[in-house]
Amino acid sequence: LMPSYVNNGEHILSVELMNYRSDRDSGLDINFDNLCVISRHFEVKQLQGQFLSDGVSNSLIPVDDEPSALEVGWQERVTLHYLVAPIAGPIGPCNISLLPLSNDGNASVVKNRDAKLTDFICRERAHDVFSSTLENHRREKERLLAEQEKEGQPRHVAQIRRAKTTLPGGESNLSSSSNEPVAQPHPTSIAHMCPSEGTSNINVVCSWSASVGEGGQYETIVGQHHLRNLLIRPQNKSKGCPLAMTAKHVEKVCHDFDASSHLDVDLEITLRNRLVETDVDFEFALDHQAEFDFVGTTSFKWSLRGGEEITVPMKARFYAGGVYNLQSVRLTVLKSEAPVPYLFPLQWTILVEEGS
């Protein structure tokens, strides 16, 4: 999952499907039926040109008897790319994008009451949350017991009751009569998996089917693979660079260098803080290039709040025709531990033609 370098706020989701079946000697194909993406704040669209459509691409061939499914043979691997964009307009309780693996990969919206595809992933999440809470509660009780044994004093009745009724995080099993009860969504519901405060994650469900059995006794089984809580915009920290960078410039230009010794081309570089709730302090610098120069602000220090962006206008100066890569940015995130430099494997290519 990578930020888009074309439009701010959009991301590219790449899903890799692999067939590693080993349950029998032959007939190991798997039919991938569809992808279902669940989120409160994002919708997903398939990038065009990945399937067989008027000779555009022959890389992916749908199943003959089921046009919405994609057949993947043994040890084959298929990668599909999708555009993840914020929902334009009012945000409802949950948005479910159903993406068929077919020529027309446009997403359809599934209503919550008809979303049977999400039943298993909701139960899986509820089980993981319950197991984690139970394990944390057990460890907390063991820690309290160890502290009492270390002190060498027996616990009194109030401490024993408190250990039985208090959960980790200060929550209690006993309801207070002074506070009004707060309605909470069911642990296995879609609303609980996509809470209102969860503003930067998506959940992916891949539905598949396959034929199993031997000796003439065959049956079709169905299943799902789940990827839960994929972060679109991290809240406080990110594994990669917390800044996303885009550029705006012309791709082709013509200039008469005999009449004028150099050519100036406008270049706008936009930096956006991907984090939602954390400020990012950084240093911006342009590496020196031997074949052309940058005119304008080439280095500075700045701080961006969560979700903020800054645009740096400048010019690229050329002295001869050719193909040039304008990407020369080096960002250094100024952290308290130590500065962390980042280089971006991007190409901002411009073609400069010589002519009158």
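These are my notebook entries on a predicted model of one protein chain.

**Entry 1: confidence**

The chain averages a pLDDT of 79, and 78% of the residues score at least 70. I keep both stretches marked in my copy.

**Entry 2: the chain as a whole**

Next came the overall counts. I find three helices and 21 strands in the secondary structure. The chain has 356 residues, and 36% of them are buried. I also asked how far along the sequence the contacts reach. Taking contacts between residues at least 6 apart in sequence, 71% join residues at least 24 apart. The accessible surface comes to about 21,600 Å², and carbon and sulfur atoms hold 50% of that.

**Entry 3: cysteines**

How many disulfides does the model have? My count, with sulfur pairs taken within 2.5 Å, comes to zero. Cys122 is buried, because its relative accessibility is 3% and the cut-off for buried is under 20%. Cys241, at 12% relative accessibility, counts as buried too.

**Entry 4: the second largest pocket**

I moved on to the second largest pocket, which has a volume of about 320 Å³. Which strands each supply at least two residues of its lining? They are E2 (11-18), E3 (30-39), E9 (201-212) and E10 (219-231). E2 gives the most, with four residues. I wrote down the lining itself as well: Val15, Glu16, Leu17, Met18, Ile30, Phe32, Val204, Cys206, Trp208, His225, His226 and Leu227.

**Entry 5: positive phi**

I went through two residues for their backbone angles. As a reminder to myself, most residues other than glycine have a negative phi. Gln75 has a phi near 65 degrees, a positive value in a residue other than glycine. Gln75 sits in the loop between strand E5 (70-72) and strand E6 (77-86). Its relative accessibility is 53%, so Gln75 counts as exposed.

Asn229 is my other case, with a positive phi near 60 degrees. Where does Asn229 lie? The answer is strand E10. At 45% relative accessibility, Asn229 is partly exposed.

**Entry 6: Asp29, between E2 and E3**

Asp29 is in the loop that joins E2 to E3. With a relative accessible area of 35%, Asp29 is partly exposed. I checked its C-alpha against that of Asn19, 10 residues away along the chain, and got 7.6 Å. What does Asp29 touch, not counting residues up to four places away in sequence? My list reads Asn19, Arg21, Glu71, Val72, Gly73, Trp74 and Ala210.

**Entry 7: Ile232, between E10 and E11**

I then turned to Ile232, in the loop between E10 and strand E11 (243-248). Is Ile232 buried or exposed? Ile232 is buried, because its relative accessibility is 0%, against a cut-off of under 20%. Leaving aside neighbours within four places in sequence, Ile232 is in contact with Leu1, His11, Phe42, Val84, Ser200, Asn201, Ile202 and Arg274.

Ala69 lies in the loop between strand E4 (42-46) and E5. Its relative accessibility is 0%, so Ala69 counts as buried. Ala69 and Ser207 are 138 residues apart in sequence, while their C-alpha atoms are 9.6 Å apart in space.

My last stop was Val6, in the loop between strand E1 (2-3) and E2. Val6 counts as exposed, because its relative accessibility is 69% and exposed means over 50%.

Key: Residues are numbered from 1 along each chain as its sequence is written. This is a predicted model: local features need pLDDT of at least 70, side-chain atom pairs count only at pLDDT 80 or more; totals for chains, interfaces and linings use all residues. Side-chain values use heavy atoms; hydrogens and water are left out. Buried means under 20% relative accessible area, exposed over 50%, partly exposed in between (1.4 Å probe, protein chains only). pLDDT is the predictor's confidence in each residue, from 0 to 100. Contact means heavy atoms within 4.5 Å. Accessible areas come from the Shrake-Rupley method with a 1.4 Å probe; for residues, only the protein chains shown count as cover. On a 1 Å grid over the protein atoms alone, a cavity is a set of points where a 1.4 Å probe fits but cannot get out, and a pocket is an open set with protein on both sides within 12 Å along at least five of seven lines; lining residues have an atom within 4 Å of a point. Grid points are joined across faces, edges and corners, and a volume is the space filled by probe spheres set on the points.
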